[in-house]
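Subject: Structure for your review

Dear colleague,

Please find below the structure that I am handing over to you. My findings follow directly after it, and I would be grateful if you read them with the structure open.

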Amino acid sequence: MIFQANLIEELLAVLGYWDRLFSGFLLTMWMYGWALLLGFILGLFLAILRVYGGTIFSGVATGYIEIMRGTPLVAQLFFIFFLPNTLNIPSEMWVIETSFSIFNKEISLKLLDYPIFVGILTLSLNSGAYQAEYLRGSIVSVGAGQLEAAQSLGMSRLSSIRHVVLPQALRRVIPAWSNEAAYLPKYTVLVYFIGGVEELFFQADFIQHKTFFPLTTYIIVSIMFLITITSISKLLEFIHKRTAIPGL
Amino acid sequence: MDEPLLRIVDVWKSYEDLQVLKGVSFELAERDVKVIFGPSGSGKSTLLRCINMLNPPDSGEIYLRGDNITAPNVDLNAIRTRIGMVFQHFNLFAHLKAIDNVSIGLRRVKGLEKQEARRKALEALNRVRLAEWADHYPAQLSGGQQQRVGIARALAMEPDVILFDEPTSALDPELIGEVLQAMLDIAKAGTTMVVVTHEMGFARAVASEMIFLDDGVVIERGTPEHFSVSPKSKRVKRFLNQLDVLYGSHEKLLKLSEEEEGK
Amino acid sequence: MLFQTELEFIGMGIVNSIIIFPISIYIMRWYSKKKDMPHIQLWDTSLKTAYKVSLVWLMVNILIGILFNTFAKNITIYFLIQYYVYMIIDLFIGTIVVKSIYKKELGESFMFVFIIQVILFGIGLIIGFITVLLLGYIFPEVSDVFFFVLEFGLFFTLLITASSLLIGFAIGISLAIMRVYGGKELHWLSSGYEKLFRGIPLLVLIFIFAFGFPGLFWYLESLDRLLASVIMALGLRSGAYQSQIFRGAILSVNPGQMEAARSVGMNKIQAFRHVVLPQALRLAVPGWSNEYAVVIKDSSFASAIGTFEMTFIAYIWGLRSVELFTLSMGVVAVLYFLFTFPVTRLFGERQTKKLKKLGMGGG
């Protein structure tokens, strides 16, 4: 009963909007890439602070991580979105747009405006807290002996962390970290809440209102997400194998 | 020389409530090999870690060629380049090949060129007879080989003194010989060493002085002959007896090299 | 009257419980550390149990608060008396629950637990008083949104969380067993399920159940239908995550345990039921407390389709004026934090330490 006889028709009707699905997908990946990158930088910074920062800095990092992990993403998003309004800061942003045509369809893509900026920022701040925890785990697992051995050679603390601890920690973190990295794309749908960001879920919403075939639309979007996530985790697995330390 | 290479004056150290070192003093001249032994928990490892300032002592002074390294404004990193350390659990850098393990200090601390560092590292590896294993990762080496890389890592920095923290106690019996041999070789080549070990055979072969440490105090000191013939305190006698039971067999491992030298 | 509405009363009860909880823990930890004397040793263990006392107290308090909220609608002069009556009932129930759950570790008398409860009650009353006063008269907006969200949102958030976790538990544990002990087909089925539900964004799942299958919850009213689809989406997804948690826990029970149980003559099912599962469930507690936090946080996604829960209520409140939007979101974030942090802290880290002490986990 779920699938009617006109399944093929539905499918074709939804796929008729392939240009929208495609541009939505591009925007999703664009936001994902930035969020992952910024989150990683933030996470690395937080993790190092938390492990080597001394009482005050490690306390600050821990507090940040716990707060970000303890509150819902939606609340964080709204909080950040309305913050400039509350503080009376103008929130106009430069808008970056691009357009290209593919198979005779003109696709125009808004790459940066205020909602997209807020989305990327929220995701990075949140993802940074999670990535920090994974990175901290791997830094701790490298062990204090490595740091001591480096220091016994006369290397400074900073240089020991940079040349001895981090290269090992970054290799070790990949399996756990790929959980975060591979599943972050699906959190980009979050920006649906503030509206106006034409990513994949927004486009799905648009298509289902046009075609009145919600189930087919959402299933197609689900499949797109599944393929994306699976390929990212496969890629990370490959990287992990390539960077593995021989004999370990 | 008036000033000994290493002078340790009344070093005290405690971890929280536990007093580990209670005023240890000794001196070490150039080319000396000092063996420190004693029951576990007597503070031997802590003493070495104090000398390297990995755990700075609570009170007391340590002089390296006349420089007080316990003074507040000393550049510890510069001091540590002059004091090598070999760890009980090797602590090799797992992500680096043997040769890079040895050369990382030369490159990052001494600022040598890549080629120059590699040449020196190979030299050091050669001294522990591991040159052909240079391109292996630590996890691909046996425990004995790993420890020899650890020794080479310390050697390559050309330190004034090398500290050995129970270098053979984490090894399987059949691997101990090669490590002791490497230590023996560099000791005979004139390296100044402080060795925490229970290998009495090694001590007899090269030690210029042995120190028995118990409960954070030096109980007795003397030459290897002194300890093997007539140790004064009962505590030492009993301990040496126990060691004989446990480690006695390892002496054979070193016989060969002594004979070689005899020739 | 000091209190204008019953809402503030109920809010106070809940605030009491929530705020008292971390504070009492830290006070007691500090006290037991400071008084490091031999005759205190007995007290020390008792104080540890007091953490648990306050935890149970919190649960009971919230439950009774919600019940009270539902049934006692009219404001009377006797309201104050009723409030104290409910607190005293609360004390007794809490004491008995604590006694029966943590029988072994208490070792102390009923009176001891009761006295701790009374002390907590006193502290809670004072803190609650101060909180209500502070919030109500110094930051009226904060107080307003706080109690507004508690009154209209908390129940639904907890309902969604509890039911989704329950559905997820049933699915998760069966999938985990299938994946560990089942044949190739079952293994394939369960890992496929995990991949599927972990890969689809939650929002898409909610929309699929809410709009994709219009006839799915035909017997419910329209608003309840949305609620049901949210629970369904969260529950199915949580099943995928919980399956992972339980699989990890089952696998980390030492294989020797199974062998030992078989050697006593148990069959495979008995061995699993009596030896492996009890250990696995204990090992799963830290992961499970994380999953609880994830579900309660992600229940906020339900606001996308207009289901009542804390975030949506805060959103509605914020619509009054845009300047106050940040405030309402900040307050609701704090509320979620109070529900996630203590739980993950207590069940996650403490339990991990406890398991290590018992030598369980990690083989």
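Helices α3(B) and α4(B) are oblique to each other, because their axes cross at roughly 125°. The model in which this is seen is a predicted one. Two packed helices are described by the angle between their axes and the distance between the axes. Here the axes of α3 (residues 98–108) and α4 (residues 114–127) of chain B come within 8 Å, and the crossing of α3(B) and α4(B) is right-handed.

Which residues bring α3(B) and α4(B) together? From α3(B) come Ala98(B), Ile99(B), Val102(B), Ser103(B), Leu106(B) and Arg107(B). They meet residues of α4(B) that include Lys114(B), Ala117(B), Arg118(B) and Leu125(B). Sorted by class, this contact has nine nonpolar, one polar and four charged residues.

Chain B also holds an open sheet of six strands, in the order β6-β7-β8-β3-β9-β10 and with mixed pairing. At its edges stand β6 (83–86) and β10 (217–222) of chain B; each has a single partner strand, so one side of each is left without a neighbour in the sheet. On average, and with direction ignored, neighbouring strands of this sheet are turned by 20° against each other. Within the sheet, β3 (residues 33–37) and β9 (residues 209–214) of chain B run parallel and are joined by four bridges. In β9(B), Ile211(B) is the bridge partner of Ile36(B). Helix α5 (residues 143–156) of chain B packs on the sheet, where it touches β6 and β7 (161–165) of chain B. The direction of α5(B) makes about 175° with that of β6(B).

Is Arg238(B) buried or exposed? Arg238(B) has 12 C-beta neighbours inside 10 Å, and a residue with 12 or fewer is exposed, so Arg238(B) counts as exposed. Arg238(B) is found in helix α9 (residues 234–247) of chain B. The C-alpha atom of Arg238(B) is separated by 18 Å from that of Ala203(B), and the two residues are 35 apart along the chain.

I turn now to chain C. This chain has 13 helices and zero strands. Of its 363 residues, 42% count as buried. Among the contacts in chain C with a separation of 6 or more, 77% are between residues 24 or more positions apart.

Why is α8(C) described as largely enclosed by the rest of the structure? The reason is that 10 of the 11 residues of α8(C) are buried. Leu202(C), Phe207(C), Ala210(C) and Gly212(C) are among them. The cover over the buried residues of α8(C) includes α8 (200–211) and α9 (214–243) of chain A, together with α9 (222–252) and α11 (268–298) of chain C.

Finally, chains C and A touch: 30 residues of chain C are in contact with 30 residues of chain A. On the side of chain C that touches chain A, α7 (184–199), α8 (202–212) and α13 (325–358) of chain C each supply at least two residues. The most is given by α13(C), with 10 residues. By class, this side of chain C has 19 nonpolar, eight polar and three charged residues.

With kind regards

Methods: Residues numbered from 1 in each chain as written. Chains lettered and ligands numbered in written order. Predicted model: local features only at pLDDT ≥ 70, side-chain atom pairs only at ≥ 80, totals over all residues. Contact = placed C-beta atoms within 7 Å. Nonpolar A, V, L, I, M, F, W, Y, C, P; charged D, E, K, R; others polar. Buried ≥ 20, exposed ≤ 12 C-beta atoms within 10 Å, placed from the backbone. Axes fitted to C-alpha atoms, helices over the stretch in contact; angles between N-to-C directions. Parallel < 35°, antiparallel > 145°, perpendicular 65-115°, else oblique. Left-handed = near helix turned anticlockwise from the far one by under 90°. Pairing = 2+ DSSP bridges.
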